[in-house]
Amino acid sequence: MSVAMPRPDQSVLARRERIVAALRAIVPGEGVIAAEPEMRPYETDGLTAYRQLPMVVVLPETTQQVSRILAFCHAEGIKVVPRGAGTSLSGGALPLSDGVLLGMAKFNRIREIDFANRLAIVEPGVTNLAVTQAVEHAGFYYAPDPSSQIACTIGGNVAENSGGVHCLKYGMTTNNLLGCELVLMTGEVVRLGGKHLDAGGYDLLGIVTGSEGLLGVVTEITVRILKKPDGARAVLIGFASSEDAGECVGKVIGAGIIPAGMEMMDRPAIHAAEEFVHAGYPLDVDALLIIEVDGPRAEVDHLITRLEAIARSCRAVACRASSSEEERLLFWAGRKAAFPAVGRISPDYYCMDGTIPRARLPQVLKRMRELSETYGLAVANVFHAGDGNLHPLILYDANKPAELERTERFGADILRLCVEVGGVLTGEHGVGVEKRDLMPAMFSEADLNQQQRLKCAFDDKGLLNPGKVFPTLHRCAELGRMHVHAGRVAFPDIPRF
Amino acid sequence: MPDTLQPRDAKDVEAAVQSALAEGKTIEIVGHGSKRAIGRPAQTDLTLDLSALSGITLYEPEELVLSAKAGTPLAEIEALLAAKGQQLAFEPMNCAAILAGVASRGTIGGALATNISGPRRIKAGAARDHFLGFCAVSGRGETFKSGGRVVKNVTGYDLCKLMAGSWGTLAAMTEVTIKVLPRPETEQTLLIRGLEPAQAITAMTAAMGSSCDVSGAAHLPAEIAVRVPAGEMAGGAVTALRLEGFLPSVAERMRMLEVLMQPFGELGSGDEMVSRRLWTAIRDVAPFAAEASNRSAPGHERALWRVSTAPSRGAEFAAAIANAAHAHIFYDWAGGLIWLTLEPGQDAGAALIRRAVTAIGGHATLIRAPASVRAAIDVFAPQDPAVAALTKRVKDGFDPKGVLNPGRMWAGV
């Protein structure tokens with residue numbers, strides 16, 4: 001593990017037995033796990049390179065229990081790491097050796113479905129896919145669809161502001177929420193939003209979404225649900241170069257088309273996926289696009305025709321539109337299996353997640369090939385082409401000495417490259433511990449300090465998920481200090497009236 | 001009359017806030033002043049006029065992004081977007097109709113800081129949903145930035161959401177980046193005539209729950225419909241459903257929607273021109289402009305409220321108000337957004353409105369009332385103690401000395 005976590009508080013560790021007993025008084029029965037073998041499953045999340053046993057695991061079932069746990073930890077100065085299903089790819093749920101791991105898995109009920117207002121009220125441990133499954137009998141669905149949707153929970157989606165292949169058209173988690181119940185580190189319970197749109201004051205729901213478990217613990221979430229489109233078709237387009245593919249993506253958007261999904265794969269990813277699922281991908285191309293449009297039949301057919309024309313104008317060497325639902329799903333099967341497909345050709349792979357202005361793609365891919373040679377590590381790329389979200393998969397072997405460290409350095413270089421060309425460190429996986437120390441590549445100290453002041457408004461002692469997102473932790477008192485330079489010239493030469 | 005400072009660039013803004021801090025003065029942040037009459041009346045030592053911070057700094061249509069200095073006129077941005085077949089999907093309103101003395105369409109900074117969105121909110125989201133990044137000067141006198149210039153980004157806290165709807169109480173934005181979207185190829189509106197509000201909400205709920213992809217759903221009772229300068233609206237209540245998109249798609253969805261709406265009442269339809277005029281009128285709350293035009297007697301115009309509630313409860317909410325006072329009401333957002341006017345009276349009907357909101361859920365903002373009324377009552381939704389305390393702590397994190405737009409939203413914030 002190459003990332004330093006906050007130093008364990010020995011005084012907390014010394015009180016471990018008393019802390020476990022106190023938690024047992026709040027959550028009876030099997031809701032408190034203190035034995036090492038039973039805590040093992042919680043030592044890591046989707047970023048398995050990082051592992052740490054927590055001090056204790058607690059699995060509350062009610063908001064009141066969460067409130068009492070947090071109030072107790074606040075009073076006792078104990079750190080808390082919240083966790084949903086543990087599918088984070090950035091180490092957002094990595095435990096702390098002196099921290100309580102707060103597992104929200106038992107909050108797994110759907111509390112209300114309100115078709116008239118097109119919403120569902122769910123507990124945070126409900127999986128993403130379960131929300132859709134609960135409403136699909138009436139033709140509705142929940143739009144954000146991260147690829148871990150079978151396993152990942154809505155609570156985790158809120159923490160990470162999760163996206164998915166359809167978020168270009170339908171938005172990320174933050175665009176699909178109406179309200180939540182939030183427990184602050186003090187144990188206070190606040191309700192944000194409701195069944196109505198927008199906030200009457202500050203948009204605190206918007207701030208909590210994507211805050212990576214650093215501001216509070218959500219215990220109930222109100223999500224918007226949408227009517228399923230009547231149909232969807234996809235078109236599979238191969239190009240001799242990524243430049244041509246990039247041009248095609250630009251022209252699609254330039255034509256006023258916002259596809260439901262627009263995915264790109266490079267040659268290594270195409271080959272790995274095709275060998276794995278036999279989706280019928282062309283193998284003699286350098287870039288492959290899958291563009292999906294949805295809506296009523298007339299719209300879908302109209303757009304497919306236009307997409308085919310745009311593809312031809314961008315020198316597509318292969319172009320096939322799905323003519324049945326089976327074929328559409330087959331097109332996607334390869335893309336959806338791209339990660340495990342790469343997993344078959346390499347002992348390990350490391351999934352990166354940066355966003356770039358899409359026009360810079362050829363430049364970024366070229367530079368990545370150079371880095372690949374420098375580091376002696378192969379890389380395959382899948383790319384949410386519509387919104388510029390790039391997922392390079394670095395192939396490595398953890399059993400070879402120092403190869404993981406080399407991989408991490410390669411990954412960091414890729415992310416710095418993303419920022420350099422005008423992009424960002426993470427499009428949907430979050431900062432977590434993984435990109436924490438790269439934050440200064442994107443933000444100045446003033447930027448990061450201002451973000452931490454917001455954290456102070458929610459968690460004045462810095463006990464909630466410390467060691468994530470921010471490379472340097474400051475005390476709130478220090479961040480709050482003002483340096484007012486009294487006696488300076490008033491409004492030096494600013495035009496005044 | 002407070003001193004007005006007109007910074008030329010972001011550095012000037014920083015210097016202005018730092019100087020104000022050093023002198024213990026407070027600042028009102030103004031763009032074009034188009035929404036200046038909304039909120040609690042300002043009593044600041046200084047006015048910070050950001051209108052000279054103007055100009056589009058980046059526009060990449062194929063990346064769907066645009067950056068502009070905060071004081072850039074919305075009209076300039078909309079014109080440039082239109083030239084490239086794009087638009088601001090959140091349909092920011094033009095306050096000139098409802099607020100006396102407003103001539104400007106406003107600035108991009110103002111549209112984002114107030115998070116006011118139009119009819120397409122139900123489909124495309126609010127201003128907040130299109131706000132990608134910004135540069136600002138906090139009430140601490142420090143320049144900071146957040147977000148980025150790409151449409152997908154989760155790096156750090158999403159401070160854009162916090163700035164949207166903070167009415168300049170946290171920081172003075174100097175430059176912003178927004179997501180822009182293609183302008184639909186065409187639009188059409190289906191009209192259903194003669195419905196009572198409760199029936200209209202049932203009809204709009206059915207439309208929104210269909211796959212017709214409705215991008216506007218409003219109900220205008222008879223006395224309101226007659227005031228809409230879109231033609232074909234006179235002669236009874238009108239429920240309007242907008243469809244936008246590519247021609248063949250709009251045509252097919254219109255056929256589907258007509259079948260779905262047939263049982264509810266007599267159908268009519270508005271072609272592209274009628275549709276545009278109608279939805280612009282709804283966006284700008286034009287039915288309540290006539291009252292505002294009574295400029296010979298300022299202070300006597302009816303108070304205007306904007307209420308967001310669960311769509312299915314919209315008619316119930318309106319009935320609760322209408323039974324107790326002579327309210328004029330219309331509905332947008334499929335019933336979830338209620339615009340209503342009341343006699344200004346002592347409190348602009350606040351007690352009545354707040355009671356109904358408490359019972360039914362949602363929030364209400366007083367958009368138009370005499371300054372004396374706005375100074376005396378809560379203009380923004382009153383908050384429960386825990387949220388109010390959290391709001392105050394957030395304010396303190398950005399503006400601990402209360403320099404920026406103090407008291408604009410709530411006393412002490």
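Some ground rules first. In this predicted model, local features need pLDDT of at least 70 and side-chain atom pairs count only at pLDDT 80 or more, while totals for chains, interfaces and linings use all residues. Residues are numbered from 1 along each chain as its sequence is written, and chains are lettered from A and ligands numbered from 1 in the order in which they are written.

**Chain A as a whole**

Chain A has 17 helices and 19 strands. Helices (H or I, at least four residues) and strands (E, at least two) are DSSP runs, numbered from the N terminus. The radius of gyration of chain A is 24 Å, close to the 23 Å that the globule rule gives for 497 residues, so chain A is as compact as a globular protein of that length. That radius is taken over C-alpha atoms, and the globule rule is 2.2 Å times the number of residues to the power 0.38. Along the principal axes, the C-alpha atoms of chain A fill a box of roughly 70 × 65 × 55 Å.

**Where the chains meet**

Chain A puts 86 residues into the contact and chain B puts in 89 residues. Here, two residues are in contact if their C-beta atoms, placed from the backbone, lie within 7 Å. On the side of chain A that touches chain B, the elements giving two or more residues are α8 (204-208), α9 (242-254), α11 (297-313) and α16 (445-458) of chain A. The largest share, eight residues, comes from α16(A). By class, that side of chain A has 37 nonpolar, 32 polar and 17 charged residues. For these classes, Ala, Val, Leu, Ile, Met, Phe, Trp, Tyr, Cys and Pro count as nonpolar, Asp, Glu, Lys and Arg as charged, and the others, Gly among them, as polar.

**Helix pairs**

Two packed helices are described by the angle between their axes and the distance between the axes. Axes are lines fitted to C-alpha atoms, for helices over the stretch in contact, and angles run from 0 to 180 degrees between N-to-C directions.

| Helix pair | Angle | Axes |
|---|---|---|
| α2 (16-26) and α4 (63-76) of chain A | about 155 degrees | 10 Å apart |
| α11 (314-324) and α12 (350-360) of chain B | about 150 degrees | 10 Å apart |
| α6 (197-208) of chain B and α11(B) | roughly 160 degrees | within 8 Å |

Take the chain A pair: α2(A) and α4(A) are roughly antiparallel to each other. Angles under 35 degrees count as roughly parallel, over 145 as roughly antiparallel, 65 to 115 as roughly perpendicular and the rest as oblique. From α2(A), Ala22(A), Leu23(A) and Ile26(A) meet Gln65(A), Arg68(A), Ile69(A) and Phe72(A) in α4(A). Sorted by class, the residues of this contact are five nonpolar, one polar and one charged.

In chain B, α11(B) is roughly antiparallel to α12(B). On the α11(B) side sit Glu316(B), Phe317(B), Ala320(B), Ile321(B) and Ala324(B), which meet Leu352(B), Ile353(B), Ala356(B) and Ile360(B) in α12(B). That contact divides into eight nonpolar, no polar and one charged.

Helix α11(B) also has α6(B) as a partner, and the two are roughly antiparallel. Pro197(B), Ala198(B) and Ile201(B) of α6(B) make the contact with Gly314(B), Ala315(B) and Ala318(B) of α11(B).

**Two open sheets**

In chain A, four strands form an open sheet with mixed pairing, in the order β1-β2-β4-β3. Two strands pair if DSSP finds at least two bridges between them. At the edges stand β1 (32-33) and β3 (79-83) of chain A, each with a single partner strand, so one side of each is left without a neighbour in the sheet. β3(A) pairs with β4 (residues 99-103) of chain A in the parallel sense over five bridges, and Val81(A) stands opposite Leu101(A) in β4(A). Helix α2(A) turns up again here: it packs on the sheet, touching β1 and β2 (56-58) of chain A, and its direction makes about 5 degrees with that of β2(A).

Chain B has an open sheet of three strands in the order β1-β3-β2, with parallel pairing. Its edges are β1 (3-5) and β2 (27-30) of chain B, each with a single partner strand, so one side of each lacks a neighbour in the sheet. The twist averages 25 degrees from one strand to the next. β2(B) and β3 (residues 46-49) of chain B pair in the parallel sense over four bridges, with Ile27(B) opposite Leu46(B) in β3(B).
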